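Hi,

Here is the structure I promised to pass on.

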Amino acid sequence: MSEKRPGLRALDEALAELLGFAALLPGIETVPTFEADGRVLAQDLVSGLHVPPQDNSSMDGYALRCADLTQIPGVLPVRQRIAAGSPAEPLAIGSAARIFTGAPIPAGADAVVMQEDCELQGDTVQIKARPLPGQWIRRAGEDVTLGATVLASGERLTPASLGLAASIGMAMLPVRRRPRVALFSTGDELVMPGQVAPADMKPGAIYNSNRFFLRALLLRLGCEVSDLGIVPDRLDATREALRAAAQAHDLILTSGGVSVGEEDHIKPAVQSLGELTLWQIAIKPGKPFAYGHVQDTHFIGLPGNPVSSYVTFLLLVRPFLLKLQGVRELAPVSVQAQAHFDWPRADRRREFLRVRRNGAGGLDLFPNQSSGVLTSAVWGDGLVDNAPGQTIQHGDSVRFISFAEVLR
Ligand code: AMP
Ligand code: MG
């Protein structure tokens, strides 16, 4: 297995170092539970009640005491009707209660018989199947018990967790403040969609695509984005943009200009205003990656090539932004999957191949793995994490990271 080139940092090492710089941002906000999707909880949520609060029926049918049925079929008088939301009287001995889904179980009843197994005969009910004690009863506290921590500080809220928070009565939630991110793209070749029509593009011009996905990725991670547009490929302009962006932001995120060409001004500009601590990572796509700071603001420079930019964002920027917000679970879950392709040319860098799950339980490879081909990231539904120097043969077990894991 070949070693990494001198100077290139291994991904895990770089990520650990990066996360070491991602100190929790101060500040807690209280937001309506309705608006809290994707935010990070800033305190443990402890339940002040059982959920469900009382034993209740999980069927439409009849509540009864099993011991009152000496034979099957058996007949019991119906003495009570209990709908969801209304209180229940204790069950009279030797009787049944008409009951509906979600309605409280009357004291003394120990089972519900579903209405399909019953026949109403005037004001009595015939029970045709022997009930088991406890059947069709949802127990008080079977979801959440009084005093339980339902969601922990540092958890990122999902639609399901908003529902759970609501189920214990939380209308407002304490969450971490949003990271404020200044975003800009570098490149004299870049043109904004909408400003120049495709037919009028000058030779050498391309549309700025990174700006669109980076902004969207940042928003998904709960950031407040200041989109500072396109900065020309000049040292003074880059310095000026960085200096301005360092005000009132937690992170400056750039794309492009982070290689070592004469038109790449990010490195010297950051070094003149602050410090560059991380530089170049042994992954493909995505070698040009830089971390540092400009004044007190974090700086991350992503590669210009769209797929490199996309992949390094998912692998490095995402965990960084989550850590700033106090999230503890940062590593995406990867699973073993079967390659339904060959990858005969190993690279000395760790590779992240754009693949898609097929109907046969395997992974297909997008035919063009070039770092400029953004189609691969749209066609694909995840990445194969391939070790340095590793070839892949059809049928090999490989490590797969679903985009669904890292786009949340
Ligand atoms: P750079 O890292 O600036 O050398 O750019 C590497 C490649 O990515 C070049 O082909 C650039 O034209 C392209 N590129 C840089 N920034 C963008 C962007 N915002 N959108 C699309 N392509 C870009
Ligand atoms: Mg450039």
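Below are the helix packing and the ligand site, with the cut-offs alongside.

First, the ground rules. This is a predicted model, where local features need pLDDT of at least 70 and side-chain atom pairs count only at pLDDT 80 or more, while totals for chains, interfaces and linings use all residues. Residues are numbered from 1 along each chain as its sequence is written, chains are lettered from A and ligands numbered from 1 in the order in which they are written, and side-chain values use heavy atoms, with hydrogens and water left out.

**Helices on α6**

Helices here are DSSP runs (H or I, at least four residues), numbered from the N terminus. Axes are lines fitted to C-alpha atoms over the stretch in contact, and angles run from 0 to 180 degrees between N-to-C directions.

Helix α1 (residues 11–21) packs on helix α6 (residues 306–324) at about 25°, the axes being 9 Å apart. The two are therefore roughly parallel (angles under 35 degrees). L11, L15, L18, L19 and F21 of α1 meet L315, L316, P319, F320 and K323 of α6 (contact means heavy atoms within 4.5 Å). By class, that contact has nine nonpolar residues, no polar and one charged (Ala, Val, Leu, Ile, Met, Phe, Trp, Tyr, Cys and Pro count as nonpolar, Asp, Glu, Lys and Arg as charged, and the others, Gly among them, as polar).

Helix α3 (residues 210–220) also packs with α6: their axes come within 11 Å and cross at roughly 20°. That makes α3 roughly parallel to α6. On the α3 side the contact uses N210, F213, L214, L217 and L218, and on the α6 side P306, S309, Y310, F313, L314 and L321. Nine of these residues are nonpolar, two are polar and none is charged.

**α4 and α5**

The axes of helix α4 (residues 235–245) and helix α5 (residues 266–273) come within 9 Å and cross at roughly 50°. This pair is therefore oblique. Among the residues in contact are R239 and R243 of α4 and P268 and V270 of α5. The contact holds seven nonpolar, two polar and two charged residues.

**Ligand 1**

A backbone N or O atom of N210 is 3.4 Å from a ligand nitrogen.

Best wishes

Definitions and conventions: Angles under 35 degrees count as roughly parallel, over 145 as roughly antiparallel, 65 to 115 as roughly perpendicular and the rest as oblique. A polar contact is a pair of N or O atoms within 3.5 Å; within protein, one must be able to donate a hydrogen and the other to accept it, and residues adjacent in sequence count only if both atoms are side-chain atoms.
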